[in-house]
Number of protein chains: 2
Amino acid sequence: MKPTLGFLVLLVSISCVAPSGAPDAAADPLPSWSDGVTRQRIIEFVTTVTDPENPGFVPVEERIATFDNDGTLWSEQPVYFQLAFAIDRVNAMASEHPEWKQEEPFKSVLQSDLGALTGMDMHDLMTLLMASHAGMTTAEFREIVHEWLSTARHPQLDRPYTELVYQPMLELLDYLRDNGFETWIVSGGGVEFMRPWVEEVYGIPPQQVVGSRLKTEFRMTSDGPRLVRLPEIDFIDDKEGKPVAINHIIGRRPIAAFGNSDGDLQMLQWTAAGDGERLMVYVHHTDADREWAYDRDSHIGRLDRGLTEAAKNGWTVIDMQDDWLQIYPNE
Amino acid sequence: MKPTLGFLVLLVSISCVAPSGAPDAAADPLPSWSDGVTRQRIIEFVTTVTDPENPGFVPVEERIATFDNDGTLWSEQPVYFQLAFAIDRVNAMASEHPEWKQEEPFKSVLQSDLGALTGMDMHDLMTLLMASHAGMTTAEFREIVHEWLSTARHPQLDRPYTELVYQPMLELLDYLRDNGFETWIVSGGGVEFMRPWVEEVYGIPPQQVVGSRLKTEFRMTSDGPRLVRLPEIDFIDDKEGKPVAINHIIGRRPIAAFGNSDGDLQMLQWTAAGDGERLMVYVHHTDADREWAYDRDSHIGRLDRGLTEAAKNGWTVIDMQDDWLQIYPNE
């Protein structure tokens with residue numbers, strides 16, 4: 001190709017760019033998604049519910065999208081990242097708790113028995129997570145999480161945990177918000193573990209984060225009122241708990257829901273059962289090279305019944321290997 | 001005055017009106033508030049936190065204002081309106097529950113013993129409220145509330161309950177939202193009793209309503225998933241419960257809080273204890289002619305410790321008789 005022609009092409013390209021500041025209808029909102037059926041289904045859904053002329057139009061105030069966090073917005077292997085946090089906390093606090101040497105699940109943590117840890121069910125995990133970070137005020141806990149995130153690195157990928165979020169999902173969150181959606185997290189993880197960082201990382205404000213939680217107690221002290229985190233689980237936001245919490249806290253049925261495990265199944269069922277256009281999506285971890293590959297037999301993020309239900313009901317399944325051109329930001 | 005001069009005055013007035021559609025800086029955002037210290041304090045607060053040049057400026061995402069409902073946004077006499085709803089429900093359901101004739105608090109309801117009812121504490125009231133509207137799905141309950149509100153009328157004022165909201169508070173909600181605030185309800189009342197109507201009446205969406213609640217259970221039926229309301233209290237959003245729920249659900253400390261009773265004291269204390277500009281406001285029911293007058297000795301909406309703390313801490317107290325030119329809309 002002659003330089004002259006190249007120059008011409010460049011000129012034409014420039015003349016086609018929308019004026020700076022104006023909305024650019026041609027810009028690709030999902031550049032990290034490969035151009036397949038999954039991407040098309042998402043765009044088709046958003047186009048339908050935002051088009052006032054379409055019978056599937058949904059008023060802006062009802063555009064609620066809920067996202068699981070672990071395995072849906074960021075990675076969850078080889079252990080849930082909140083468990084990595086708990087492990088670091090338990091090790092740091094062990095000298096004050098000699099009884100933990102004999103007591104599960106603390107014993108396994110102190111022995112770095114990863115096999116035992118990954119075999120725990122959600123309730124055991126929550127017990128460990130909650131017990132390991134109770135006994136301080138909510139403000140103190142927020143500081144502890146901040147501090148940990150600014151120093152801890154993933155043991156295999158050697159990156160800060162907050163960089164192990166999925167670039168395609170960041171684009172999807174933006175795309176939905178640009179189309180009038182409220183994007184909510186509805187996660188089995190602890191709500192106070194997520195709130196300190198999800199606003200910066202996902203653009204999701206604290207009041208749109210639903211999660212598991214400890215009981216907290218209001219105490220009036222000589223320094224003023226405090227909220228103290230008690231070592232007692234108040235609510236586990238997993239499985240049947242997800243639609244229950246969605247109803248309690250959001251008070252509206254989502255029209256779109258995203259998960260990656262059987263723990264998200266009831267949220268997707270609840271979303272699917274509403275009237276009108278619906279989008280139910282599972283992230284399927286199929287990429288052993290760039291991330292991890294696991295589903296029906298995994299201890300973490302098991303996706304067994306969910307895969308079966310997705311096939312039966314025609315829900316969308318993201319094949320991470322095929323559908324995502326990029327996994328993490330800044331790759 | 002000569003007609004000619006009147007015409008001239010009219011012309012001058014017209015020429016001073018801002019062009020249609022343009023923001024009118026001179027428009028009074030609080031026309032139902034008399035021009036006293038209370039109104040000035042509210043406007044001063046909003047002006048301060050929204051002025052980027054002011055050291056008291058608060059970024060828009062932190063502008064959270066919380067409002068109690070009963071006695072703060074609408075009336076609560078002679079009984080909480082949700083209790084009037086429960087009474088109507090209990091009477092309607094009594095034939096299916098012969099045991100209620102012998103059992104308090106149902107017995108008092110069926111005997112229309114208003115004295116006994118107004119003497120109940122919040123926990124008894126909640127028991128009655130919750131028990132009288134459990135055993136159906138959340139969708140069915142919403143319909144029941146809608147139906148009741150469209151037919152029931154206040155026994156003394158002979159108006160629909162949703163018209164017994166305070167016009168000055170409607171203006172205040174709009175004024176705060178126009179200045180970037182999120183306005184939240186944080187009420188001892190049932191969250192699912194409020195959500196069916198507060199969006200239309202107050203402009204507050206379901207996801208900004210915090211209240212007391214029953215336990216609900218997710219059930220997969222042959223007709224799809226259902227959330228069933230169980231006859232068991234899950235959470236009472238009163239007194240110490242208010243800051244606890246604010247932390248669980250909003251995840252941010254309010255910068256402004258509005259209540260009318262000792263049940264709101266901890267919410268106001270929690271709000272006051274944050275850094276920077278704060279606005280703590282009590283509605284004081286002082287108007288026996290246009291509404292009701294009650295405070296330290298009232299069974300409903302008792303304001304005793306709250307009045308003392310307000311005076312001690314310099315919080316704002318709305319004197320309903322002096323500060324409000326109008327009580328209800330369409331008067």
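**Exercise 1.** Determine which residues Ile185(A) touches, leaving out residues up to four places away in sequence.

*Solution.* Two residues count as in contact if their C-beta atoms, placed from the backbone, lie within 7 Å. By this criterion, the partners of Ile185(A) are Phe67(A), Asn69(A), Met194(A), Val198(A), Ile204(A), Gln208(A), Val209(A) and Val210(A). The model is predicted: local features need pLDDT of at least 70 and side-chain atom pairs pLDDT 80 or more, while totals for chains, interfaces and linings use all residues. Residues are numbered from 1 along each chain as its sequence is written, and chains are lettered from A and ligands numbered from 1 in the order in which they are written.

**Exercise 2.** State how many residues of chain A are in contact with chain B, and describe that side of chain A.

*Solution.* The contact involves 26 residues of chain A and 26 residues of chain B. Helices (H or I, at least four residues) and strands (E, at least two) are DSSP runs, numbered from the N terminus. H10(A) gives the most, with six residues.

**Exercise 3.** Characterise the packing of helix H10 against helix H11 in chain B.

*Solution.* The axes (lines fitted to C-alpha atoms over the stretch in contact, with angles from 0 to 180 degrees between N-to-C directions) come within 7 Å and cross at roughly 55 degrees. H10(B) is therefore oblique to H11(B), since angles under 35 degrees count as roughly parallel, over 145 as roughly antiparallel, 65 to 115 as roughly perpendicular and the rest as oblique. Lys242(B), Pro243(B) and Ile246(B) of H10(B) make the contact with Gln266(B), Met267(B) and Trp270(B) of H11(B).
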